[in-house]
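Hi,

Here is the structure I promised to pass on. Have a look at it first, and then read my notes below.

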Amino acid sequence: MTKEIYLAGGCFWGTEHYFKQIEGVEETEVGFANGHTKNPTYKEVYTDTTGFAETVFVKYDPHVVSLEFLLQMFFKAIDPTSLNKQGHDEGTRYRTGVYYTDPADLPVIEKVFAEEQKHYEQPLAVEKLSLQNFYTAEEYHQNYLDKNPDGYCHLPLSLFEFARQATKKSDNDKVTK
């Protein structure tokens, strides 16, 4: 049995590569979530007029990795107080969000958000919504950093190694963003 969650963490190239490193993540796919047009292209989403966020579909084995752990890892890879901006990428398409398909996941999501909020004085700028829609991005965006190892990424390389080792470390370990 597998579960799914959709995570918007800025540019989807690095976000996808990050989650692929985590043991228990079985599949990822980059695309566009929670917008208001049908079948958007990357070029259309890039205009910031479609309402979509660059998002990664994450399919995982809950017997190997929990949703709580995945969300804790998500927060290590984003600036949760930055609105419509991650790294050098700006625009509504780069907003952060957790989009769920199973309402039973909401209590876990709420718990992780509440724990994360304790680390900040300002409110978190991360959406927490049910998934309204998701469209897969063009093929050249899928597994982008595997195809282009020197390609652009807003995440530091150390974060990918941190994700690979995460299940072997305690929850208290920190990573430098």
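Let me start with the cysteines. The sulfur of Cys-11 has its closest cysteine partner in Cys-153, but the gap is 6.7 Å, too far for a bond. The cut-off for a disulfide is 2.5 Å between the two sulfur atoms. A search of the whole structure turns up zero disulfides. Cys-11 itself is buried, with a relative accessible area of 6%. Do keep in mind that this is a predicted model.

Now the overall picture. The protein has six helices and eight strands, and along the sequence they follow the pattern β-α-β-α-β-α-β-β-β-α-β-β-α-α. The radius of gyration is 15 Å, close to the 16 Å that the globule rule gives for 177 residues, so the protein is as compact as a globular protein of that length. If you need a box, the C-alpha atoms fill one of roughly 40 × 35 × 35 Å along the principal axes. Buried residues account for 49% of the 177. As for contacts between residues at least 6 apart in sequence, 76% of them join residues at least 24 apart.

Next, the helices. Helix 1 (residues 12-20) and helix 6 (residues 157-165) have axes that come within 8 Å and cross at roughly 30 degrees. That angle makes helix 1 roughly parallel to helix 6. On the helix 1 side, the residues that meet the partner are Gly-14, His-17 and Tyr-18, and across from them in helix 6 are Leu-159, Phe-160, Phe-162 and Ala-163. By type, the residues of this contact divide into five nonpolar, two polar and no charged.

Helix 3 (residues 67-76) is mostly covered, with eight of its 10 residues buried. Those buried residues are Leu-67, Phe-69, Leu-70, Leu-71, Met-73, Phe-74, Phe-75 and Lys-76. You will notice a lysine, Lys-76, in that buried list.

Gln-142 sits in the loop between strand 8 (134-136) and helix 5 (144-147). Is Gln-142 buried or exposed? Gln-142 is buried, at a relative accessible area of 6%. Leaving aside its neighbours within four places in sequence, Gln-142 is in contact with Glu-16, Glu-29, Val-30, Thr-136, Ala-137 and Lys-147. Of these, Thr-136 belongs to strand 8 and Lys-147 to helix 5, going by the residue ranges.

Finally, some backbone angles to check. Most residues other than glycine have a negative phi. Asn-34 has a positive phi of about 55 degrees although it is not a glycine. Asn-34 is in the loop between strand 2 (25-33) and helix 2 (42-45), where it is buried, with a relative accessible area of 14%. Asp-48 is another non-glycine residue with a positive phi, here about 65 degrees. Its place is the loop between helix 2 and strand 3 (53-60). At 27% relative accessibility, Asp-48 counts as partly exposed, whereas Asn-34 is buried.

That's what I have for now.

Cheers

Terms used. Residues are numbered from 1 along each chain as its sequence is written. This is a predicted model: local features need pLDDT of at least 70, side-chain atom pairs count only at pLDDT 80 or more; totals for chains, interfaces and linings use all residues. Side-chain values use heavy atoms; hydrogens and water are left out. Axes are lines fitted to C-alpha atoms, for helices over the stretch in contact, and angles run from 0 to 180 degrees between N-to-C directions. Helices (H or I, at least four residues) and strands (E, at least two) are DSSP runs, numbered from the N terminus. Angles under 35 degrees count as roughly parallel, over 145 as roughly antiparallel, 65 to 115 as roughly perpendicular and the rest as oblique. Contact means heavy atoms within 4.5 Å. Ala, Val, Leu, Ile, Met, Phe, Trp, Tyr, Cys and Pro count as nonpolar, Asp, Glu, Lys and Arg as charged, and the others, Gly among them, as polar. Buried means under 20% relative accessible area, exposed over 50%, partly exposed in between (1.4 Å probe, protein chains only). The radius of gyration is taken over C-alpha atoms; the globule rule is 2.2 Å times the number of residues to the power 0.38.
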